[in-house]
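Hi,

Here is the structure I said I would pass on. Have a look at it first, and my notes follow below.

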Amino acid sequence: MEAPDQTRGLNWRVGRWIPWTEIEISQQTRGGPGGQHANRSATAIDLRWTPSASHAFSPDEQEQLAAMIAHRIDGHGKVRILASEERSAMRNRAIALQRLADLIREALKPRRSRRATRPTRSSQKKRLVNKKNRSRRKQERSRNFSDEI
């Protein structure tokens, strides 16, 4: 199914998109720039999307996406994005869609694995010297304490 603008859905990467049917967009009144206009017209955009029900991703991608954006998923399993920066509902809609695309792109970006490194010889030596000094200092304290009793 294509939208009136002849697109299949939200293009989050070249050749990859989320169908418009999976994205819920509603408008609401909200504060922000525009004075009384902002209070009287529904220009704020409330975008909701359910990643677990999306058919745009493979099972592996869905698993990675769920892990990376778990803090953004509400009790109903939806990601909610609010945009009310602009006076125009059309611009706020574009901002909300861009935020969703950025969120998905960032979550599915391949992560580099950590490469294990060894401590340098000098850092090991410094650690041991500090450890001996600390131990000696505590030993001296305990000897002085027991002599005074």
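Keep in mind that this is a predicted model. I started with the open sheet, which has three strands in the order S3-S4-S5, paired antiparallel. S3 (23–28) and S5 are the edge strands, each with a single partner, so one side of each has no neighbour in the sheet. On average, neighbouring strands here are turned by 20° against each other, ignoring direction.

S4 (residues 44–49) and S5 run antiparallel and are joined by five bridges; Ile 45, for instance, has Ala 83 in S5 as its bridge partner. Helix H3 (residues 89–107) lies across S3, S4 and S5, at about 30° to S4.

Then the charges: the whole structure has nine salt bridges. One of them pairs the side chains of Arg 16 and Glu 61 at 2.8 Å, N to O. Arg 16 sits in strand S2 (residues 16–19) and Glu 61 in helix H2, so this pair ties together parts 45 residues apart in sequence. Arg 16 is partly exposed at 23% relative accessible area, while Glu 61 counts as buried at 17%.

Asp 46 is buried, at 3% relative accessibility, whereas Arg 48 is partly exposed at 24%.

Last, Lys 78, in the loop between helix H2 (59–68) and strand S5 (79–83). Its side chain makes a polar contact with that of Glu 24 (2.5 Å). Beyond its neighbours within four places in sequence, Lys 78 has contacts that include Arg 48, Trp 49 and Ile 73.

Cheers

Key:
Residues are numbered from 1 along each chain as its sequence is written. This is a predicted model: local features need pLDDT of at least 70, side-chain atom pairs count only at pLDDT 80 or more; totals for chains, interfaces and linings use all residues. Side-chain values use heavy atoms; hydrogens and water are left out. Helices (H or I, at least four residues) and strands (E, at least two) are DSSP runs, numbered from the N terminus. A polar contact is a pair of N or O atoms within 3.5 Å; within protein, one must be able to donate a hydrogen and the other to accept it, and residues adjacent in sequence count only if both atoms are side-chain atoms. Contact means heavy atoms within 4.5 Å. Two strands pair if DSSP finds at least two bridges between them. Axes are lines fitted to C-alpha atoms, for helices over the stretch in contact, and angles run from 0 to 180 degrees between N-to-C directions. A salt bridge is a side-chain nitrogen of Lys or Arg within 4 Å of a carboxyl oxygen of Asp or Glu. Buried means under 20% relative accessible area, exposed over 50%, partly exposed in between (1.4 Å probe, protein chains only).
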